[in-house]
Amino acid sequence: MIHKPKKMIVANWKMNVTSEKDATGLFLSIKNVVSKLEYTTMVCCPPHMYVNQVAAHVDNKNYRVGGQDAYPEESGSRTGETSVLMMKNAGAEYIILGHSERRHLETKSDVSRKVTAVLEHELTPIVCVGEESRDKNWKKALAQQLKDVFNRVPKKTPENIIVAYEPIWAISSDKKTPATAVEYMEALEVIKKELQKIFKTATAMSKIRFLYGGSLDDKNIEDFLKNAEVDGFLVGRVSHDPRILMTMFRLVEDHMQKEMFPQSS
Ligand code: PGA
């Protein structure tokens with residue numbers, strides 16, 4: 001049997017879906033298509049309170065459910081928080097952490113503790129990193145973020161770690177300007193160099209997966225598919241638009257099909 005490599009599309013619904021009916025409806029509208037994809041898996045990240053409902057519909061390995069954040073302690077007097085354990089019990093298998101839209105609410109060590117808690121609960125953290133702007137210190141700033149998050153994290157299960165490069169200047173930008181594949185590759189070099197220092201072994205490094213996120217849509221995904229070394233994408237603004245998602249799935253599938261069977265295209 002041929003092993004088929006898959007790209008992961010993480011749909012970060014942010015706070016854009018506002019009822020259980022809409023969350024379930026959106027998931028069901030893409031579920032049948034996603035279940036038939038050969039080269040794409042999808043992780044839906046609804047707002048916390050709909051994780052349970054969406055997860056109840058998961059019956060295919062092509063799609064999973066994730067959370068948009070989680071508190072590192074299991075339970076206790078933490079008004080308004082949702083713990084990693086609660087997310088896990090609700091059906092989440094992935095947790096987005098350190099998203100730039102949350103960074104003003106949490107310290108670097110909070111993010112590090114959350115990554116540790118998620119790994120301890122055998123879930124997969126999707127750790128967001130990215131510089132504010134491409135000024136002369138951007139590489140240093142990016143490397144520092146990785147140190148801050150990963151230095152104190154257990155190194156035993158790198159296959160459960162996903163790093164999403166999300167440059168802040170590209171996220172939901174009004175001009176809809178994503179990074180280019182070239183800019184992503186420049187950042188990936190910095191990220192890998194820093195993670196290599198932290199995780200030490202080449203085997204560990206080969207297991208970590210890397211995503212790109214920031215104003216990605218059906219118009220620019222091909223640049224990344226063709227010109228970047230990327231395991232998948234973290235999508236925000238268009239993640240609750242089934243029509244655009246379908247086009248993105250098709251582009252991923254066509255690209256991967258050509259990669260696998262170049263002679264048949
Ligand atoms: P965007 O969001 O696709 O709207 O830029 C990505 C993200 O914030 O995860």
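In what follows, Ala, Val, Leu, Ile, Met, Phe, Trp, Tyr, Cys and Pro count as nonpolar, Asp, Glu, Lys and Arg as charged, and the others, Gly among them, as polar. By that scheme, the shell around the ligand holds three nonpolar, six polar and three charged residues.

A word on the model: it is predicted, with local features needing pLDDT of at least 70 and side-chain atom pairs pLDDT 80 or more, while totals for chains, interfaces and linings use all residues. Numbering runs from 1 along each chain as its sequence is written, and side-chain values use heavy atoms, leaving out hydrogens and water.

Let's start with the ligand. Its neighbours, including K14, E166, S215 and V235, each have a heavy atom within 4 Å of it.

| Residue and atom | Distance to a ligand oxygen atom |
|---|---|
| H99, polar side-chain atom | 2.6 Å |
| G236, polar backbone atom | 2.9 Å |
| R237, backbone N or O atom | 2.8 Å |

The protein covers 100% of the 280 Å² of accessible area that the ligand has on its own (Shrake-Rupley method, 1.4 Å probe). The ligand takes up the largest cavity, where sitting in a cavity requires more than half of a molecule's atoms within 2 Å of its grid points. On a 1 Å grid over the protein atoms alone, a cavity is a set of points where a 1.4 Å probe fits but cannot get out, and a pocket is an open set with protein on both sides within 12 Å along at least five of seven lines; lining residues have an atom within 4 Å of a point.

Notes: A polar contact is a pair of N or O atoms within 3.5 Å; within protein, one must be able to donate a hydrogen and the other to accept it, and residues adjacent in sequence count only if both atoms are side-chain atoms.
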